[in-house]
Amino acid sequence: MTARELVFATLRRSLGVSGTEAPRRAAVAARLAGHPRGVVPARGQLPPQQRLDLFARMVEAAAGTIERAASAADVPVAVAALLRGLNLPMRVRHGDDPRLAALPWQSAPALEILRGPSDGHDLAAVSHASAAVAETGTLVLTSGPDNPTTLNFLPDVHIVVVDAADIASDFETVMARLRERYGTGTMPRTVNMITGPSRSADIEQTLLLGAHGPRKLHVIVVGDP
Amino acid sequence: MTLASHIATSPRFKDNAKAALADPDLQNALKFVEVNFIARRREVAERLPEFEALRDSARDIKDHTLAYLDLYLEAYEERLTAQGGRLHYAVSADDARRIILDICRDAGARTVTKGKSMVAEEIGLNDFLEGNGVTPVETDLGEYIIQLRHELPSHIIAPAVHLTKAQVEDDFRRVHTHLAPDRNLAEPTSLLAEARGVLREKFLAADVGITGANFLVAETGTSVIVTNEGNGDLTQTLPKVHIVLASLEKLVPTLEDLAQLLRVLARSATGQEMSVYTTLSTGPRRADDPDGPGAYHVVLLDNGRSSMIGGEFRDMLRCIRCGACMNHCPVYHAVGGHAYGWVYPGPMGAVLTPSLIGIDKAGHLPNASTFCGRCEDVCPVRIPLPRMMRSWREREFERHLSPATVRGGLAAWAFFAKRPRLYGLAAAMAARVLHWAGAARGRFSWLPLASGWTRYRDFPAPQGETFQSRWKHRNDRPRPGSPP
């Protein structure tokens, strides 16, 4: 008997089932296909402008910083201003996301742009979120050449651009969008849900930012909700 | 040296507890648990009106999944495999260790980085890997500190909660020999910076990364980790192989179910709305991915859980390892996690440990409770922890594992309790005798057969009557205001 067979046999003996019962199989199939929503907090169920305000408050409550850009064209200047304010070298890395590649980076001529995944020696990176959740101030990033996962964790400063229209009320909305984008039952290698910069409270429960991931998380919300 | 730290000292709970109470460093460190965790959880729970409804929802999801676990497991396996992942079943801790070692050897691994995993502690993975020529490096700050000290975690989400910053500084100076003696490490920020620097090199050099999983999603074949530091993400993104070590009961049906559980997890654990990083991983890197591991293995540990699901401790398998029960436990506040003697401390450990290592070894743990009920009050999946500790006490008694004095005392009590008139008579007599004997001082500093009580505090002398006789007299008298 293989380990797999042994685990299933013990499990089914304990549950008093054979595994072939049609009603059980139907119940599981229905749950997986219907993926019912449970309790969704009222907190995020707001009209677009108030939803954006809630998102901003929650990002700040999680020790992130946030600003708005009227249009995507304003992002390069905002990135340069941020790095200058932090006294960091004028260098930033991003992936192949067409929305980032199309930005007028020449509008911030001092800024050097690097492309591709990080090898751990970058101080700042820019990613484009695929969605955000107002309920908790959470950013949702998906892996791939557009936004390499290493950019989310290795640099000291992580700048995340998100379209105002992509800020959802709740997690359930984001889950539905993932299903729509990747197909039912299919996911990218990694979905990162990020709420604030990295931290640890492991020493005397004193909260410290920048444990292994970025010390600073800066969100730029583009456009109107 | 390292092996000794993983042999259960649960049978010596009483000695462990005594030593813990006498340890000034530990008592200093434990003060923070009671103050911080409780207040933070309360605040964040009060901010979310739906929190109690979410706890019901979380409980129902876990109950549903357990009832259909065989079928959700099949669905999970199908989705995981379809997306390039490999699933390994481990019946025992030994199986899991060997499977992981084989994967490491196939990858030619010399060092592996590790995210925090209680299941890895359960199977004693670090010592096993180290004994077989693979160096494990813990990357969660708390786990890293206790690895330097060759200790077990003392808390399931805050492994080094038993230490003061001065102790951590001493350990860093002992192990990080590159540190200049005049380098200031007095503040937690400087300790963190030092750990970040050392571990960053380890992340980049590791051949294999091992993480646990907070949840497995059947609908998509996904594993989920929830962390604050980002160490788990570096662990699973940078090496060429990612191994997930998870136990059977981590399964949930769908992404929507995951959302429900995430809403109660961080709030119950650290009092955050969300932990910083919630990461969903599915399979290895895709053909056009520029980063991520080339191989993705999930080692699924049973270790008795498939049997447990059929017994009276099934509800324990709902546990999502948030630590709220220990954060609110007066016994944990007093003695800390190491006194429990194995991997899982506090109320959840008092119920789970006997299932995993046997009631003969862990019999003291379900007895280390005042039954105050706070653990059940705060449990996000509403596990009836006090009731289950009582069940363990009953089993211990039935199996004649409790000491003769306890058994004798309980037998004598049962004799009287089954004979109410005799009980009343004996109690009345005892109350009168003790009233007479203690009249002078109103209390006893020593009583025969009650030294367990009087060694630590005085026993108040009874007033001369039993409660029942007082009640009877009270009800015999006409009540004021009632018709004559």
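**Reading the contact between chains A and B**

Modeller: In this predicted model, the contact draws 64 residues from chain A and 76 residues from chain B.

Biologist: Which elements of chain A give two or more residues to the side that touches chain B?

Modeller: They are helices H1 (3-15), H2 (22-34), H6 (150-153) and H7 (171-182), together with strands S9 (190-194) and S10 (199-200), of chain A. H1(A) gives the most, with 10 residues.

Biologist: How do the residues on that side of chain A divide into nonpolar, polar and charged?

Modeller: The side of chain A that touches chain B holds 28 nonpolar, 25 polar and 11 charged residues.

Biologist: In which sense do S9(A) and strand S9 of chain B pair, and over how many bridges?

Modeller: S9(A) pairs with S9(B), residues 277-281, in the antiparallel sense over 5 bridges. Within this pairing, Met193(A) stands opposite Thr278(B).

Biologist: Into which domains is chain B divided?

Modeller: Chain B has domain 1 (3-307) and domain 2 (408-476). The centres of these two domains, taken over C-alpha atoms, are separated by 51 Å.

Biologist: Which residues does Glu194(B) contact, leaving aside its neighbours within four places in sequence?

Modeller: Glu194(B) is then in contact with Phe172(B), His176(B) and Leu185(B).

Notes: Residues numbered from 1 in each chain as written. Chains lettered and ligands numbered in written order. Predicted model: local features only at pLDDT ≥ 70, side-chain atom pairs only at ≥ 80, totals over all residues. Domains from an automatic or database assignment. Contact = placed C-beta atoms within 7 Å. Helix = DSSP H or I, 4+ residues; strand = E, 2+ residues; numbered from the N terminus. Nonpolar A, V, L, I, M, F, W, Y, C, P; charged D, E, K, R; others polar. Pairing = 2+ DSSP bridges.
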